[in-house]
Structures are given as structure tokens and as C-alpha cells.
Amino acid sequence: MCKYPGCVSRYSAVVFILLAVLSTPVWAEEMEVLQEVTLTTSVNSEKVNVWLPATLMFHKGDKVNLTLKNVATKDHGFAIDALHIQEIIPMDQSKEIVIEVTEVGTFPYYCPLHPAHVGGQLIIQ
Ligand SMILES: [Cu+2]
């Protein structure tokens, strides 16, 4: 089948390259969408502290790097019960969290220190 000297080694090289390309882990990582989002404390027109933006939308499978920036003059928190997230961010500080979105749905978020604050929502499609 192989008429030329070196034919086997060329065939082996092609197989080796194909296997390397097909099995590279980079392919799997490219399927994951990394989102960078910053939520910032603010005061709305009714003088109530809120996190803005009030609605975040992602797709199932997204990995979200969320920066929680508290620019207020007291500590505030960020919680999403369904995703087991509960963070306290001291005044004038930031905290980064990573959310890996694995299910579709609407997940409300709120400040656990001041639950009366207007909350927001994470919508996963
Ligand atoms: Cu608060």
C-alpha cells in the first residue's frame, strides 16, 4: 500500500496532527462565553439604594465575572438565593464574584442587609 520510503511516517504525522487538533482542550474552553459585568450601588429618585443595572441577561452556559462596586456611604450586600450567592461589600469597596449559569430562569437579587431596597433580577435564557 505504501510505495514510497517514509510513507508510513508521513501518514503517522498526519494522524498525530489530527489527533492533536481534535483533542485540544482549547476547543472546549471556546464554547464557554465569559462575560464581564459591573454592578454599582446607586440611589434612585425615591432616595432608595439600588444596584444598577437592575436587570442582567445571560445565556445558559455563560460564565459571568461580576464586579460588585459599592460606592455608597455604608455597607451593602448582594444575594441571589437560588444560586447560593450572598456577599457583603463594605462601603467604598468592590468585590468580584464568578457566576456559572447552568439553568434557565429568573433569579431575583437583593441586599441582605437592607431587604427593603429595590432589588434586581438576573434573567437566564
Ligand atoms: Cu443595602
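**View 1. Strands β1 and β4 pair in the parallel sense.** The two strands, residues 34-43 for β1 and 63-70 for β4, are joined over 7 bridges in this predicted model. Leu 34 has Lys 63 in β4 as its bridge partner. Strands within a sheet pair through backbone hydrogen bonds, in either a parallel or an antiparallel sense.

**View 2. Strands β1 and β2 form a hairpin.** Between the two strands lie 5 residues. Lys 47, in the turn, has a positive phi of about 60°. The pairing of β1 with β2 is antiparallel and runs over 4 bridges.

**View 3. An open sheet of 4 strands has the order β2-β1-β4-β7.** Its pairing is mixed: β1 pairs with β4 in the parallel sense and with β2 in the antiparallel sense. The edges are β2 (49-52) and β7 (93-100); each has a single partner strand, so one side of each is left without a neighbour in the sheet. On average, neighbouring strands of this sheet are turned by 20° against each other, direction ignored.

**View 4. Thr 40 lies in strand β1.** Leu 52 in β2 stands opposite Thr 40. Leaving aside residues up to four places away in sequence, Thr 40 touches Leu 52, Lys 69 and Val 71. Lys 69 is 29 residues from Thr 40 in sequence, but the C-alpha to C-alpha distance between them is 4.7 Å.

View 5. Strand β9 (residues 120-124) runs antiparallel to β8, and 5 bridges join them. Gly 105 has Ile 124 in β9 as its bridge partner.

**View 6. The largest nonpolar core has 11 residues.** Its members are Leu 39, Trp 51, Leu 68, Phe 78, Ile 89, Ile 99, Val 101, Tyr 109, Cys 111, Leu 122 and Ile 124. In soluble globular proteins, nonpolar side chains tend to be buried together. Which residues does Ile 89 touch, not counting residues up to four places away in sequence? Ile 89 touches Leu 68, Asn 70, Asp 75, His 76, Gly 77, Phe 78, Ser 94 and Lys 95. Leu 68 and Phe 78 are among the members of the core.

**View 7. The whole chain is shown for orientation, with 2 helices and 9 strands.** Along the sequence the pattern is α-α-β-β-β-β-β-β-β-β-β. Of the 125 residues of the chain, 12% count as buried. Among contacts in the chain with a separation of 6 or more, 58% are between residues 24 or more positions apart.

Methods
Residues numbered from 1 in each chain as written. Predicted model: local features only at pLDDT ≥ 70, side-chain atom pairs only at ≥ 80, totals over all residues. Pairing = 2+ DSSP bridges. Axes fitted to C-alpha atoms, helices over the stretch in contact; angles between N-to-C directions. Core = buried A, V, L, I, M, F, W, Y, C linked by C-beta atoms within 7 Å. Buried ≥ 20, exposed ≤ 12 C-beta atoms within 10 Å, placed from the backbone. Contact = placed C-beta atoms within 7 Å.
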